Amino acid sequence: MMKNADESMDLNKLKNLENIPVRNIMRPIKEGVLDAETPITKMLEIMAYEPKRRTFYVVEGEKLLGIITPQRILEYIVLKAGKTDVLREKGESIGLRYLLGTYAKDYVGELVCVHPENTIFDVCMKMVEKLMDEIPVVSENMKLIGEVCFIDILNLAIYTVKQRK
């Protein structure tokens with residue numbers, strides 16, 4: 001028999017969770033970092049072969065320039081292609097011709113990031129405000145040092161509320 005949610009979780013414990021610094025939950029980035037001059041078609045190949053990686057971080061040297069997501073790529077295609085040939089023209093499955101000859105740096109938008117001393121609350125607010133699942137963590141000089149994912153926060157929240165008193 002399943003316990004009532006009130007019996008198995010102490011939601012009051014979540015109040016302390018929002019003050020935890022990002023440094024305590026961020027994870028290192030092992031993949032998905034692109035040099036600004038990387039052809040965008042290379043990123044699409046990586047995305048096709050590693051479908052779990054959806055966010056790509058674009059750097060110039062060690063400095064984070066921005067993020068590329070599938071939505072950003074699709075927005076670019078739609079804006080370039082217009083309504084008539086977004087999905088198909090002359091046998092294309094999508095207007096990929098608009099991406100040829102472009103680079104990762106061409107797709108970065110507003111840079112949204114957090115610092116290790118920010119709190120989980122700060123991260124959640126930015127994620128909600130900017131509709132992000134993952135957010136980069138940078139040093140004071142904008143060096144990419146990690147990321148925080150919604151799943152990391154969710155796992156911590158579940159672990160926290162399920163802990164026995």
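The legends below describe close-up views of a predicted model.

**View 1. The three-stranded sheet.**
Strands β1, β2 and β3 form an open sheet, in the order β1-β2-β3, with mixed pairing. The edge strands are β1 (33-35) and β3 (63-68), each of which pairs on one side only. From one strand to the next, the twist averages 35 degrees. Strands of a sheet pair through backbone hydrogen bonds, either parallel or antiparallel.

**View 2**
Strand β2 covers residues 56-60 and pairs with β3 in the antiparallel sense over five bridges. Two pairs of facing residues can be picked out along the strands. Y57 stands opposite I67 in β3, and V58 stands opposite G66 in β3. The hairpin has two residues between the strands, and G61 takes a positive phi near 70 degrees.

**View 2. Helix α3 on the sheet.**
Helix α3, residues 40-49, lies across β1, β2 and β3. The helix runs at about 150 degrees to β2.

**View 3. The largest nonpolar core.**
The largest nonpolar core has 22 residues. The members that touch the most others are V22, L64, V114, V123, I135, V148 and I153. At least two residues of this core come from each of β2, β3, α5 (120-130), β4 (134-138), β5 (144-149) and α6 (150-162). In soluble globular proteins, nonpolar side chains tend to be buried together.

**View 4. The surroundings of V148.**
Leaving aside residues up to four places away in sequence, V148 touches V22, I25, M26, V123, M127, D133, E134, I135, V137 and I153. Of these contacts, V22, V123, I135 and I153 are also listed with V148 among the core residues that touch the most other members.

**View 5**

**View 6. The salt bridge of E37 and K105.**
Five salt bridges are found in a search of the whole structure. In one, the side chains of E37 and K105 meet at 2.7 Å, N to O. E37 lies in the loop between β1 and α3, and K105 in the loop between α4 (70-81) and α5, so the pair ties together parts that are 68 residues apart in sequence. E37 is partly exposed, at 41% relative accessibility. K105 is also partly exposed, with a relative accessible area of 36%.

**View 7. The salt bridge of K143 and E62.**
K143 forms a salt bridge with E62, and their closest N and O atoms are 3.9 Å apart. Because K143 lies in the loop between β4 and β5 and E62 in the loop between β2 and β3, this pair ties together parts that are 81 residues apart in sequence. K143 counts as partly exposed at 34% relative accessibility, whereas E62 is exposed, with a relative accessible area of 54%. The cut-off for exposed is over 50%.

The side chains of R72 and E75 meet in a salt bridge of 3.9 Å, N to O. R72 and E75 are three residues apart in helix α4, so about one helical turn separates them. R72 is partly exposed, with a relative accessible area of 31%, and E75 is partly exposed at 33% relative accessibility.

How values were computed
Residues numbered from 1 in each chain as written. Predicted model: local features only at pLDDT ≥ 70, side-chain atom pairs only at ≥ 80, totals over all residues. Heavy atoms only, no water. Pairing = 2+ DSSP bridges. Helix = DSSP H or I, 4+ residues; strand = E, 2+ residues; numbered from the N terminus. Axes fitted to C-alpha atoms, helices over the stretch in contact; angles between N-to-C directions. Contact = heavy atoms within 4.5 Å. Core = buried A, V, L, I, M, F, W, Y, C linked by side-chain atoms within 4.5 Å. Buried < 20%, exposed > 50% of the residue type's maximum accessible area, 1.4 Å probe, protein only. Salt bridge = Lys/Arg side-chain N within 4 Å of Asp/Glu carboxyl O.
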